[in-house]
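Subject: Structure for your review

Dear colleague,

Please find below the structure that I am handing over to you.

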Amino acid sequence: MVPDRPGQGGCGTCSRCLDACPTGALEAPYVLRADRCLAYLTIEERGAIPTELRGAVGDWVFGCDTCQQVCPHNHRPHPAADAALDSCQGAGAYLDLERLLTIEDADAYLGRLQGTALTRPGREGLIRNGCLAVARLGLVDLSPLLCRLLLSDPSPLVRGHAAWALGRLNDPRCRERLLDASAAEADPAVLQEIRRAVAGDAGL
Ligand code: SF4
Ligand code: SF4
């Protein structure tokens, strides 16, 4: 099979994507560090989001694509020829964080999102991301849901990110819950997150 000719590129002197990337993942023209890219971290990463990048996640729970939004090549997108391919199809334009954080198990997760790309990170990955978004948006009203995840979710990944988010929100109503979790938690990584949250050292 004869491969395509290499792309020629069409960036000229533009550097908008490099300037707009919130994590510096676009280190240089045509150089992407996946380990700093929020699209990679929120969709493909199966472990913890690096602490120093959690603050950059913003209100995204799935991907980022700021680099695509600022690119002049994308300024006049063609509408989808097939309505089924419209970007708001499937899960809708926005995810309700309260609904996301209360998805109990894998079956409920698939029941809500099956057939959409949002199944890619799995329940624990998407709820992990949701915890960070709650913290970044300052949604103190959702603190009780974070406490519930911290104290009873079967996933250490979810419990650890719930602890981080509680540390960021610093809701005095949740301090007792953090201390309860500290006494009961057996996973060393989660315990470390809880201790940092209690100490007010949640990183960025
Ligand atoms: S998706 Fe976001 S984090 Fe990743 S390179 Fe683009 S702007 Fe940067
Ligand atoms: S924003 Fe678009 S045109 Fe500008 S450097 Fe990035 S990819 Fe190239």
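In what follows, helices (H or I, at least four residues) and strands (E, at least two) are DSSP runs, numbered from the N terminus. Please note that this is a predicted model.

Two backbone positions deserve mention. As background, most residues other than glycine have a negative phi.

Aspartate 65 is not a glycine, yet its phi is positive, at about 65 degrees. This aspartate 65 is found in the loop that runs between helix 3 (51-54) and helix 4 (66-70). Aspartate 65 counts as partly exposed because it has 13 C-beta neighbours inside 10 Å.

Tyrosine 30, also not a glycine, has a positive phi of about 65 degrees. Its place is in the loop between strand 1 (26-28) and strand 2 (31-32). Tyrosine 30 has 8 C-beta neighbours inside 10 Å and therefore counts as exposed.

The remaining finding concerns a pair of helices. Two packed helices are described by the angle between their axes and the distance between the axes. For helix 8 (residues 143-152) and helix 10 (residues 175-184), the axes come within 9 Å and cross at roughly 10 degrees. Angles under 35 degrees count as roughly parallel, so helix 8 and helix 10 are roughly parallel to each other. On the helix 8 side, Cys147, Leu150 and Leu151 meet Arg177, Asp180 and Ala181 of helix 10. By class, this contact of helix 8 with helix 10 has four nonpolar and two charged residues, and no polar ones.

With kind regards

Terms used:
Residues numbered from 1 in each chain as written. Chains lettered and ligands numbered in written order. Predicted model: local features only at pLDDT ≥ 70, side-chain atom pairs only at ≥ 80, totals over all residues. Buried ≥ 20, exposed ≤ 12 C-beta atoms within 10 Å, placed from the backbone. Axes fitted to C-alpha atoms, helices over the stretch in contact; angles between N-to-C directions. Parallel < 35°, antiparallel > 145°, perpendicular 65-115°, else oblique. Contact = placed C-beta atoms within 7 Å. Nonpolar A, V, L, I, M, F, W, Y, C, P; charged D, E, K, R; others polar.
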